[in-house]
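Me: Hi! Could you walk me through this model while I have it open on my screen?

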Amino acid sequence: MGVVDLLLVGLVVLLGLCGVLLPGVPGSWLVWAAVLWWALKDPRPLAWAVLVGATVVLLLSLAVRWALPSRRPRAPDTEGRLTVYAGGGAFLGFLLVPVVGAVPGFLGGIYLAERLRLGRHGEAVQAVRSTMRSGGWNVLTELFACLLITGAWLGAVFAG
């Protein structure tokens, strides 16, 4: 697979990761479709193993999200900023502490956004709890699954 093809697959993966944070965009399916495209263009056993693993992770995340309570929307004025902070925190956490760092990074991003908005620690902690109850766990589950798939894909690409 050429460099241009890998960059296009990476762009679709990045679009899928951003799509997880936007309501109505099938982000996890975009990430999976990018891995499928890569596996079809680069038919090595490692590519197929990553595709099978991505499929399993995606289906598990769907099962977990269906088991979680339904999402209640937040006020639209805070949703965009919270999404950016939470997604950025999860991404940085995933890079700094591989795999498990996404969860504290996501929660830390929400805390930082709410702390900047509200100004007090206690109110920010309460806002994090409220955000996680109102659908934050669903977003975190889908984002974590997509980050795992992306990490596996990147590892396979760099492994050769």
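**Confidence and ground rules**

Reply: Happy to. Confidence in the chain is lowest in H4, with a mean of 84, and highest in H3, at 95. The score is pLDDT, the predictor's confidence in each residue, from 0 to 100. Helices here are DSSP runs of H or I with at least four residues, strands are E runs of at least two, and both are numbered from the N terminus.

Me: What's the average pLDDT of the chain?

Reply: The chain averages 90, and 95% of the residues score at least 70. This is a predicted model, so local features need pLDDT of at least 70 and side-chain atom pairs count only at pLDDT 80 or more, while totals for chains, interfaces and linings use all residues. Residues are numbered from 1 along each chain as its sequence is written, and side-chain values use heavy atoms, with hydrogens and water left out.

Me: Thanks. How many salt bridges are there in the whole structure?

Reply: A search of the whole structure finds four salt bridges. A salt bridge here is a side-chain nitrogen of Lys or Arg within 4 Å of a carboxyl oxygen of Asp or Glu. One of them joins Arg-65 to Glu-142, with the closest N and O atoms 3.2 Å apart. Arg-65 lies in helix H3 (residues 45–67) and Glu-142 in helix H6, so this pair ties together parts that are 77 residues apart in sequence.

Me: Are Arg-65 and Glu-142 buried or exposed?

Reply: Both Arg-65 and Glu-142 are buried. Buried means under 20% relative accessible area, exposed means over 50%, and partly exposed is in between, using a 1.4 Å probe and protein chains only.

Me: Which residue forms a salt bridge with Arg-117?

Reply: That would be Glu-114, and the N to O distance is 2.7 Å. Arg-117 and Glu-114 both sit in helix H5 (residues 102–118), three residues apart, about one turn of the helix. Glu-114 counts as buried because its relative accessible area is 0%, whereas Arg-117 is partly exposed at 39%.

Me: And what does Arg-44 pair with?

Reply: Arg-44 forms a salt bridge with Asp-42, the closest N and O atoms being 3.2 Å apart. Arg-44 is partly exposed, at 23% relative accessibility, and Asp-42 is buried, at 14%.

Me: New topic: aromatics. How many aromatic pairs does the structure hold?

Reply: Two aromatic pairs. Trp-29 and Trp-32 make an edge-to-face pair, 6.2 Å centre to centre with 80° between the planes. For the cut-offs, rings of Phe, Tyr and Trp (its six-membered ring) pair if their centres lie within 6.5 Å; planes under 30 degrees apart count as stacked, over 60 as edge-to-face and the rest as tilted. Trp-29 and Trp-32 are three residues apart in helix H2, so about one helical turn separates them. Trp-29 is partly exposed, with a relative accessible area of 39%, and Trp-32 is also partly exposed, at 22%.

Me: What about the rings of Trp-38 and Trp-153?

Reply: Their centres are 6.5 Å apart and their planes are at 90°, so Trp-38 and Trp-153 are edge-to-face. This pair links distant parts of the chain, with Trp-38 in helix H2 and Trp-153 in helix H6, 115 residues apart. Trp-38 and Trp-153 are buried.

Me: Let's go to the surface. Which residues form a nonpolar patch?

Reply: Phe-91, Leu-92, Leu-95, Leu-96, Val-97, Val-99 and Val-100, with about 680 Å² of accessible area together. Patches are made of residues with over 30% relative accessible area and no salt bridge; like charges are joined within 9 Å, and nonpolar side chains (Val, Leu, Ile, Met, Phe, Trp, Tyr) within 5 Å. The areas come from the Shrake-Rupley method with a 1.4 Å probe, and for residues only the protein chains shown count as cover.

Me: Where is Leu-96 found?

Reply: Leu-96 is in helix H4 (residues 76–96), and it is exposed, with a relative accessible area of 70%. Val-99 is in the loop between H4 and H5, and it is partly exposed, at 34% relative accessibility. Val-99 has a positive phi of about 70° although it is not a glycine.

Me: Last one: what lies 3.1 Å from a polar atom of the Ser-134 side chain?

Reply: The backbone oxygen of Thr-131. Ser-134 is in helix H6 (residues 121–159) and is buried, with a relative accessible area of 9%.

Note on methods: A polar contact is a pair of N or O atoms within 3.5 Å; within protein, one must be able to donate a hydrogen and the other to accept it, and residues adjacent in sequence count only if both atoms are side-chain atoms.
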